Amino acid sequence: MSVEIVTKEDLQLLRMQLLSDIKAILVAHSKGVHAPAGEGYKTKDVRKILGCSINKLVSLRVSRKVRWKKIGGTVYYNREDVRRLVDEGF
């Protein structure tokens with residue numbers, strides 16, 4: 001049976017890795033840009049991603065540059081279309 005000794009440096013390294021992982025999770029969560037599987041982005045999220053106004057978002061819908069669906073009272077935008085707009089440098 002082998003014995004592994006844990007040093008203070010090992011614990012410090014583990015601490016730094018945990019802190020960086022937690023920070024990455026918090027940053028991703030604070031952006032609020034996450035959609036459940038099978039749904040698209042909500043209007044608020046798309047405006048935050050693209051940095052545009054409501055009127056510009058409606059203009060994108062009318063010009064069919066982004067697909068959308070209204071479920072209940074909430075409008076959801078197609079995730080691939082929003083990513084394409086970001087990649088094109090909208």
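This is a predicted model: local features need pLDDT of at least 70, side-chain atom pairs count only at pLDDT 80 or more; totals for chains, interfaces and linings use all residues.
Residues are numbered from 1 along each chain as its sequence is written, and side-chain values use heavy atoms, with hydrogens and water left out. Local features need pLDDT of at least 70 and side-chain atom pairs count only at pLDDT 80 or more, whereas totals for chains, interfaces and linings use all residues.

Helices (H or I, at least four residues) and strands (E, at least two) are DSSP runs, numbered from the N terminus. An open sheet is formed by three strands in the order β1-β3-β2, with antiparallel pairing; two strands pair if DSSP finds at least two bridges between them. Strands β1 (41-42) and β2 (68-71) are the edge strands, each pairing on one side only. Two antiparallel bridges join β1 to β3 (residues 74-77), and Tyr76 of β3 is the bridge partner of Lys42.

In helix α2 (residues 43-50), Asp45, Val46 and Leu50 are buried, that is, under 20% relative accessible area, with exposed meaning over 50% and partly exposed in between (1.4 Å probe, protein chains only). The buried residues of α2 fall within an arc of 120° seen down the helix axis, so they line one face of the helix; the arc is that of the directions from the helix axis to the C-beta atoms. Just after α2, Gly51 takes a positive phi of about 65°.

Gly89 lies in the segment after α4 (79-87) and counts as exposed because its relative accessibility is 56%. Gly89 is 39 residues from Leu50 in sequence, and their C-alpha atoms are 9.2 Å apart in space.
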